[in-house]
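Hi,

Here is the structure I promised to pass along.

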Amino acid sequence: MTTPRSTARGLLAVAAVLALAAAGCSSEGGKQEEEKSDSGTAGVADTPRYTIAMITHEVPGDTFWDLVRKGAEAAAKKDNIELRYSNNPDGPEQANLVQSAIDSKVNGIAVTLAKPDALQGAVRQAVNARIPVVALNAGLEQWKAMGVTEFFGQDESIAGEAAGQRLAQEGAKKVLCVIHEQGHVALEARCAGVKKGFGGAGVVENLNVNSKDMPSVKSTITAKLQQDKSVDRVITLGAPIAITAVESAKESGAAAKVVTFDTNKELVGSIRSGDVQWAIDQQPYLQGYLAIDSLWLYLSNGNVIGGGQTVLTGPSFIDQTNIESVAQYAEKGTR
């Protein structure tokens, strides 16, 4: 896998150090935490009680967002933050949620930018209202132009290239890249990256499905595999889609192997069994955690993580050789 720029690695290290330092101050240091509860759980920062809105493009039922939200909730608990989470996969509706957060005078906003054209007006209004905004997960190419302070996520083009290179090394000849939300800039970047990384090894074909209707996802992938027996790899862009693609491959009688972006608890078993060959992990828990923690650092101490550059949380490969190293965390619902 091509390693991201050394500067990006440095930024991620800085983010980790700052997050650990913040955790140390709030859970172990000084007057803030001289006492802990009888249960032994860490206390809460003694900084002012801030209200932060996290607004994502989550499609209801997509377990990826459970991980993002758990990370955000962990940071909010530590940082004495009131977290207001909301979501809508429709760009204009997500923009309305941003506007509602502005109107309610929150102290900070964390937002995903999957549909940047629909969101740029609302995000600009937040910035003009002097509400600090950070972005996570989607919008790597657009966040700076919107006036957003920080971005936490994966470079989807780099991740896609890494996937394409691995598929080529494994001898794949025709790859079906399943986009489960049409118009989502990060998902489209992934498939474009797969095609670039795959190079002249064969063909990459995109297939659009609607993740709001999982039965239709299954039937669409099944029909495609029945119609085109030359497909020998299916790469999906989310764990629930991968599990559905495994069912489609079995139902269609196709020999195509399934690989995916992103993980969840259920995918661990699929990797162990070999039903899913490997997954690319972008650490969604970390994205949620850093987004909220960074706003707390900014509001309480004027800190900005990343020096104006993207703070990378991935990619890394998870397969049968290392699945056990993350399985215990997946069981807890944090990987």
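Helices (H or I, at least four residues) and strands (E, at least two) are DSSP runs, numbered from the N terminus. Do keep in mind that this is a predicted model, where local features need pLDDT of at least 70, side-chain atom pairs count only at pLDDT 80 or more, and totals for chains, interfaces and linings use all residues. Residues are numbered from 1 along each chain as its sequence is written, and side-chain values use heavy atoms, with hydrogens and water left out.

Helix packing

I started with helix H9 (residues 265-273) and helix H11 (residues 323-332), which pack at an angle of about 155° with their axes 9 Å apart. H9 and H11 are therefore roughly antiparallel (angles under 35 degrees count as roughly parallel, over 145 as roughly antiparallel, 65 to 115 as roughly perpendicular and the rest as oblique). On the H9 side, Lys265, Val268, Ile271 and Arg272 meet Ile323, Glu324, Ala327, Ala330 and Glu331 of H11, where contact means heavy atoms within 4.5 Å. Sorted by class, the contact of H9 with H11 has five nonpolar, no polar and four charged residues (Ala, Val, Leu, Ile, Met, Phe, Trp, Tyr, Cys and Pro count as nonpolar, Asp, Glu, Lys and Arg as charged, and the others, Gly among them, as polar).

Salt bridges

Side chains of opposite charge can pair when their charged atoms come close. The structure holds 19 salt bridges, a salt bridge being a side-chain nitrogen of Lys or Arg within 4 Å of a carboxyl oxygen of Asp or Glu.

Lys174, Glu205, Lys224 and Asp228 are linked in a network of salt bridges. In the bridge between Glu205 and Lys174, the closest N and O atoms are 3.4 Å apart. Glu205 sits in strand S7 (residues 203-208) and Lys174 in strand S6 (residues 174-179), so this pair ties together parts that are 31 residues apart in sequence. Glu205 also meets Lys224 in a salt bridge (2.8 Å, N to O). Lys224 belongs to helix H7 (residues 214-227), so its pairing with Glu205 in S7 ties together parts that are 19 residues apart in sequence.

How exposed are they? Buried means under 20% relative accessible area, exposed over 50%, and partly exposed in between (1.4 Å probe, protein chains only). Glu205 counts as partly exposed at 25%, while Lys174 is buried at 16% and Lys224 is buried at 13%.

Another bridge pairs Asp275 with Lys250 (3.5 Å, N to O). Asp275 is in the loop between H9 and strand S10 (276-281), and Lys250 is in helix H8 (residues 239-252), 25 residues apart. Asp275 is partly exposed at 31% relative accessibility, whereas Lys250 is exposed at 58%.

Most residues other than glycine have a negative phi, and most peptide bonds are trans. Here, a cis peptide bond joins Gly314 and Pro315, with omega about 15°. Pro315 lies in the loop between strand S11 (311-314) and strand S12 (316-318).

Lys105, not a glycine, has a positive phi of about 60°. Lys105 is in the loop between helix H3 (91-103) and strand S3 (108-111), and is exposed at 68% relative accessibility.

Cheers

Conventions: Axes fitted to C-alpha atoms, helices over the stretch in contact; angles between N-to-C directions.
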